[in-house]
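Me: Hi, I'm new to this one. Please walk me through it, a bit at a time.

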Amino acid sequence: MTPIRSLTAATALVLLAASPWAQAQQKLVPGQSEIVFVSKQMGVPVEGRFKKFDAQIAFDPAKPDTSKIAFTVDLASATVGAPETDAELPKATWFNTAKFPQASFQSTAVKGLGGGKFEVSGKLAIKGTSRDVVVPVALSQSGATTTVTGSFGLKRLAFKIGENEWADTSMVADDVQVKIKLALTGVGKI
């Protein structure tokens with residue numbers, strides 16, 4: 001390796017190691033975390049959840065504006081606990097998991113609101129459609145575990161979830177509430 005290439009490689013490694021992403025990476029504790037969605041079917045709330053998801057989080061409570069948060073959700077892991085409905089969710093009309101196996105979220109900004117509360121803005125992508133969302137979250141700590149809770153609303157039809165005859169909002173409401181609870185290790189003191 002030439003001295004210039006060696007210097008360039010060394011500089012890249014130093015910059016990568018100094019980035020907030022490398023410094024503050026936290027670990028998700030899947031068994032203590034959940035993503036729940038609530039919709040109304042003929043006026044009755046129906047709760048579902050995603051059983052498989054992952055997060056890459058670099059969060060510094062002292063400098064939230066340097067934080068980066070990314071999620072991927074395995075859409076085929078969606079369940080409402082009813083076998084007939086669960087069998088329909090992966091189909092093209094709903095999540096179309098053959099073409100779009102994952103939903104994703106990528107933060108664009110994290111803002112501290114004080115008192116362990118933060119606002120996470122970002123892009124949510126489902127079924128090839130991306131929309132801006134803002135997720136207010138609250139953090140609490142117990143020992144080495146930080147729990148992040150939050151919720152936000154979305155319009156299912158904006159993401160083409162429930163197409164054709166299921167676009168009728170008198171059967172399944174357009175409004176969906178998404179609730180998150182994430183257990184993380186490696187977060188600094190709030």
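Me: Let's start with Val 80. Where does it lie?
Reply: Val 80 is in the loop between strand S6 (78-79) and H3. Helices (H or I, at least four residues) and strands (E, at least two) are DSSP runs, numbered from the N terminus. This is a predicted model, in which local features need pLDDT of at least 70, side-chain atom pairs count only at pLDDT 80 or more, and totals for chains, interfaces and linings use all residues. Residues are numbered from 1 along each chain as its sequence is written, and side-chain values use heavy atoms, with hydrogens and water left out.

Me: OK. Why does Val 80 count as partly exposed?
Reply: Because its relative accessibility is 22%. Buried means under 20% relative accessible area, exposed over 50%, and partly exposed in between (1.4 Å probe, protein chains only).

Me: And which residues does Val 80 touch?
Reply: Not counting residues up to four places away in sequence, Val 80 touches Phe 37, Val 46, Glu 47, Gly 48, Thr 85, Asp 86 and Leu 89. Contact here means heavy atoms within 4.5 Å. Val 38 sits 42 residues from Val 80 along the chain, and their C-alpha atoms are separated by 9.4 Å.

Me: Let's zoom out. How many helices and strands are in the chain?
Reply: There are 3 helices and 11 strands. From the N terminus, the order is α-α-β-β-β-β-β-β-α-β-β-β-β-β. The chain has 190 residues, and 36% of them count as buried. Among contacts with a separation of 6 or more, 57% are between residues 24 or more positions apart.

Me: Which strands pair up with S7?
Reply: S7 (residues 102-114) pairs with strand S5 (residues 68-74) in the antiparallel sense over 5 bridges. S7 also pairs with strand S8 (residues 117-126), antiparallel again, over 9 bridges. Two strands pair if DSSP finds at least two bridges between them.

Me: Which residues stand opposite each other there?
Reply: Phe 71 stands opposite Phe 105 in S7, and Gln 106 stands opposite Lys 123 in S8. Thr 72 has Ser 104 of S7 across from it.

Me: How many residues are between S7 and S8 in their hairpin?
Reply: There are 2 residues between them, and Gly 115 in the turn has a positive phi of about 65 degrees.

Me: Which residues other than glycine have a positive phi?
Reply: Lys 127 is one of them, with phi near 55 degrees. It is in the loop between S8 and S9, and counts as buried because its relative accessibility is 6%. Met 42 also has a positive phi, of about 50 degrees. Its place is the loop between S2 and strand S3 (44-50), and Met 42 is exposed, with a relative accessible area of 58%. For background, most residues other than glycine have a negative phi.

Me: Switching topic: which residues touch the most others in the largest nonpolar core?
Reply: Ile 35, Phe 50, Leu 124, Val 137 and Leu 182, in a core of 39 residues. A nonpolar core is a set of buried Ala, Val, Leu, Ile, Met, Phe, Trp, Tyr and Cys residues joined through side-chain atoms within 4.5 Å. S11 supplies the largest share of this core, 5 residues.

Me: Take Leu 124. What is it in contact with?
Reply: Leaving aside neighbours within four places in sequence, its contacts include Ser 104, Phe 105, Phe 152, Leu 154 and Phe 159.

Me: Last one: which residues lie nearest the centre of the largest pocket?
Reply: Phe 37, Phe 50, Leu 154, Val 176 and Val 178, out of 43 lining residues. S11 gives the most to that lining, with 5 residues. A pocket, on a 1 Å grid over the protein atoms alone, is an open set of points where a 1.4 Å probe fits, with protein on both sides within 12 Å along at least five of seven lines; lining residues have an atom within 4 Å of a point.
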